[in-house]
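Good morning, everyone, and thank you for making time for this. Please have a look at the chain on the screen, and then I will go through it part by part.

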Amino acid sequence: MAPRLFDGEGAVMLSTFFTALARDDAAKTVTSPSSRYLLSSLHLFGSVSTQFAPIWNSWVEAVLDLPSEATRDVALASLISNDRGAVLAKGNMDLQKHIIGQAVLLAVGGSNDWELLEAAVTYQTLTDSNYRDLVQALVEILEKEPSKTESTLQALEITAKGRPELFSRDERVHTTLVALLLGLSELENSTISSKATAIRNLLDTHTDGKLPVVAVVQANLERAGTQSLDINTLVSQAYNAVSSDIPSEELFPSTNVWMKELAPLLELSVNPALSITNSIGGAAALVKGAPRSANLRIYRDRKGRAIPARMALYVSQLSEKLPLSQLPKPFQLELLYLQCLTVQLISDQITCMEENRLWQTLKHAEGSAQAEEFVSKTRGILNQLAVDASAWSDSEEKPIIQDLIDLLTQHSQELTPRGLYSARALSELIQFLAEAHGASSSFEDALLKPDVLKISPTTVLPASAIITGFGETLQPSKIANNFCNKVVSEIAGAKADSDKTLMTLVLLSQCAQIYEAGEMPVANNRIVFAVRQITSWLEEPESLSPALCAEICRALNKLLPCMKDVYGSYWEKTIEFCISLWNRAHEFELNEALPFIHSSLKLFKTIESLQEPNDDLEDALKEYASAKPRALIELLRLPRDTRSQPLEIVDAMLCREAQKISLRHVPDLSDIFGLVASESRDIQTAAFNLLHQALPEQQQQKSIDALLEKTDARLPDELLSLLLDAPTLEKYSDEMLAEFPSPIRSYLLSWKLVFDAYSTSSFKIRNDFTDNLKQDNCVGPLLDFMFDVLGHSAAHPLKLEKVNLTSEHIQDYDVKLAESEPEEKDMQWLLVHLFYLLHKYTPGLFRAWYIDCRSKQTRIAVESWTTKYFSPIIVSDVLDEVQKWADSQEPPAMDEKELVVRVARSSREIIAGYEVDEDQAAIAIKIPQNYPIENVSVQSLNRVAVNEKKWQSWIMTTQGVITFSNGNIIDGLQVFKRNILGALKGQSECAICYSIISTDKRMPDKRCTTCKNLFHRTCLYKWFQSSNQNTCPLCRNPIDYLGSDTKRRQG
């Protein structure tokens, strides 16, 4: 454009033209094809004209009023994309607000046109204050709206490219943004993480190396949320700052905030069950706190960790590079004290598997492993402090562990949950000292002070900590000896309802642990007086609290072995007390009951194992011999709604005792079946072992009773009910299956018990059991689940050699050995063994499932797998069974001969013959290689004394009996023999099938009253069905199928 056009009248005309366009036709102008050229002309006009500013502002005002967002922002972007326009834009507040508004809209996904923002950043049209407002707005969106992260990052990246130095002007915004970017860099989403890293790099290069590390670290430690930085990231940032001029203590968390966040957890009452596992035992019952069911409001990070847990993990990791010893000693001491308390709380959550504590849950492997690693690592650090402490010092420059012991002792004087945790930490610390330095007189002299070893509310916890910490190293100590005597003497005059009694018993139990069983350094008469006093309280056990009951058992467990030769009622009272506790355990909440169950089981075991017991003790044990098993079963039946280490310890003890129960003391098994379905694996195992031992013996007697009474047998209904809720693959993920879930284990163990019932039952009873299983359709769901888990459904059946399952595993399952295997192998072993038992006892049910199976893929996989791994074993078992039966046949009657049976193993063949007039009627039973997938075949070898038609009928009957009697070859051989004997004795054959014995092993018992011919009832029934007539198949006269005897029974 020629410059002369902008002089004189030309300039005036152009000015009027641009102004008129903005006023009258702005909408039409910016949407016209020539808009780009017009706006370009406007920029040129501005470079030479003094009238540009008002014209430009009129254009901006007109464009801002346009309704179309896309058209408006494209025009605005063009207007500010030059130096003059950029300068003017800084003075136009409406335009500034619009640019910020559009940027925010882009960040939240309300627009997708980035041209205006990019132009504003490129030409720096925003004022410094508006730029900072924009950054603040974008950071708030990034912080509060995670779903908008990707678009917000894009807006921030564009903004950061223009004025990165402005981001650090507002320290709070800068700190928040850096923290957010660090967190987003950890995400697996590569798009987001790479963009966050790019923005961080932009900011890093414009902050003079002074990133807000301390502010970022402290902000992320003192607050927790889903966007909080991970501990590893914080530690990494702190590592990078170690070499800078930042004081080391500023990189560690605030101890005030840490204690404030711990306080609500330290006020909760302690789980009573922890007296079984914690270092100071029953002292846990001495403190009271807020209800454990209190609904705590705890802020957590995305991994479920509370603020104190994050701080503890951070300190643990940071101290690897920045040792605590480099910190000022008072601050170092505070950190160690808080670590000690946090370790105790985390240890309790691991032990009790509780929810909503320092971790939201520890059921997941990652959280559980991290918590356990922290506890182990922190205790290792404390142990090293103990190793490094050579002796107790009275100087001002004391080792840090000495200051820590003093601090823990001071806080242990409070009879509160916090005091208890301090005492437990103190006990562990002293134990580390004792292990490192043995019976060091300097440590003992400093800690075993008379003002601590007293029975009072302010001394009971520190005294417990010191005694349990030193443990057996105090055996030579006169101070410990004297205190032990004092406590025993105190018990002799104590009353059950006194507040001091529980404290005294706690200290007695702990003092007694110093010495070997029966070796307490206390005069015998003092022990007898103490036991007499304690057992006097047992006359009214209902009045004793659960905690007191537990501590009574612990005390008696230590005192009674010291007086095993003393006669008296103590023994009977103690045994009766234990059994009454077991029978009453269901009256209490489980965690309350566990301590006294645990201590009473230990006490009873101690009493039973005393060498050379006196007559009173022997008489008491005999008197309660039958009551003990019944009470133990009551304990097995306790509801177990949760899992915890104390419960596992108690269940393990209980199950060991249950294994010793004599079956004569358990006449009714019905209550035990339900225990197989317990969530506790130990209880499952105990119940299974009892039933595994009892069922075969019970079923053997029931078989006799059923045969004598001529009644049908039935599997126990309680056992059949355990088979109803069959597991399916859809209910469990691969990870869950690999852990062999309790419901699946219960279901499979129940099947093992079913086959235990088969093992000692007669053939008739087994057939009745099979009818039970068939009627309830139990086998199909088992096989469906089995082949889903073992891979047949997916055409990848389990290769037994790869998981080290041998033929011995196939034929036998040992529940005790299986528990030492990985859970997945345990499940595979049990499934494989059940498949073997299924073939051994109910091959007909398997074959019915196999025929009905609709998946060709599954059938092919099952057939090849069965043939490879099972058929050789099953064929060998069948041949062994037939050989054993043949060798043990009863001697034949006077007019009969023995059935000669020869087993040919190499050809898998059984030849049976019966001598008739110096000849032999013989058949061969051939077992196929893939038996039991394919049936056996019965073939003729030599026909004697009967015509071909009758002979073939006998062969078919023998084949039918084997096929329909669960594949039992012995049944078939017996029918073959009875057919021959019947013919030789002139017994009438069935006029339909020409056999004497039918496939259901009955004689012909239906006679036509007209022609007098005999028929098998099964053959006659088939004739009725096929002919649609109730007439004799020979004379065609009506025939009475039911018979008069049946009608009388029905009447």
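Let me begin with a question: over which residues does pLDDT stay under 50? The stretch is residues 1043–1051, and for these residues the model has two contacts beyond four places in sequence. I start there since what we are looking at is a predicted model, and I would like us to keep the confidence in view as we go. Taken as a whole, the protein chain averages a pLDDT of 87, and 93% of the residues score at least 70.

Now to the layout of the chain, which is divided into domain 1 (3–217), domain 2 (218–435), domain 3 (678–853), domain 4 (883–987) and domain 5 (1000–1050). If we take the centres of domain 2 and domain 3 over their C-alpha atoms, 48 Å separate them.

Next come some pairs of helices. Two packed helices are described by the angle between their axes and the distance between the axes, and I will give both for each pair.

On the α5 side the contact is made by D73, V74, L76, A77 and I80, while α8 brings E115, L116, A119 and A120. Sorted by class, the contact of α5 with α8 has seven nonpolar residues, two charged ones and no polar ones.

Let us turn to helix α11 (residues 171–185) and helix α12 (residues 190–204), whose axes come within 8 Å and cross at roughly 145 degrees. Here too the crossing, of α11 past α12, is left-handed. From α11 the contact takes in L177, L181, L182, L184 and S185, and from α12 it takes in I192, S193, A196, T197, I199, R200 and L203. The residues of this contact between α11 and α12 divide into eight nonpolar, three polar and one charged.

How do helix α17 (residues 329–352) and helix α20 (residues 417–437) pack, and at what angle? The angle is about 100 degrees, with the axes 9 Å apart, which means that α17 is roughly perpendicular to α20. Among the residues that meet are Y337 and L341 in α17, and Y421 and A425 in α20. The contact of α17 with α20 holds six nonpolar, two polar and four charged residues.

Finally, some backbone details. Most residues other than glycine have a negative phi, and most peptide bonds are trans. N804, in the loop between α38 (779–789) and α39 (807–811), has a positive phi of about 60 degrees although it is not a glycine. The peptide bond from Y931 to P932 is cis, with omega near 10 degrees, and P932 lies in the loop between β3 (919–926) and β4 (937–942).

Note on methods: Residues are numbered from 1 along each chain as its sequence is written. This is a predicted model: local features need pLDDT of at least 70, side-chain atom pairs count only at pLDDT 80 or more; totals for chains, interfaces and linings use all residues. Side-chain values use heavy atoms; hydrogens and water are left out. Domain bounds come from an automatic or database domain assignment. Contact means heavy atoms within 4.5 Å. Helices (H or I, at least four residues) and strands (E, at least two) are DSSP runs, numbered from the N terminus. Ala, Val, Leu, Ile, Met, Phe, Trp, Tyr, Cys and Pro count as nonpolar, Asp, Glu, Lys and Arg as charged, and the others, Gly among them, as polar. pLDDT is the predictor's confidence in each residue, from 0 to 100. Axes are lines fitted to C-alpha atoms, for helices over the stretch in contact, and angles run from 0 to 180 degrees between N-to-C directions. Angles under 35 degrees count as roughly parallel, over 145 as roughly antiparallel, 65 to 115 as roughly perpendicular and the rest as oblique. A crossing is left-handed if the near helix is turned anticlockwise from the far one by less than a right angle, and right-handed if clockwise.
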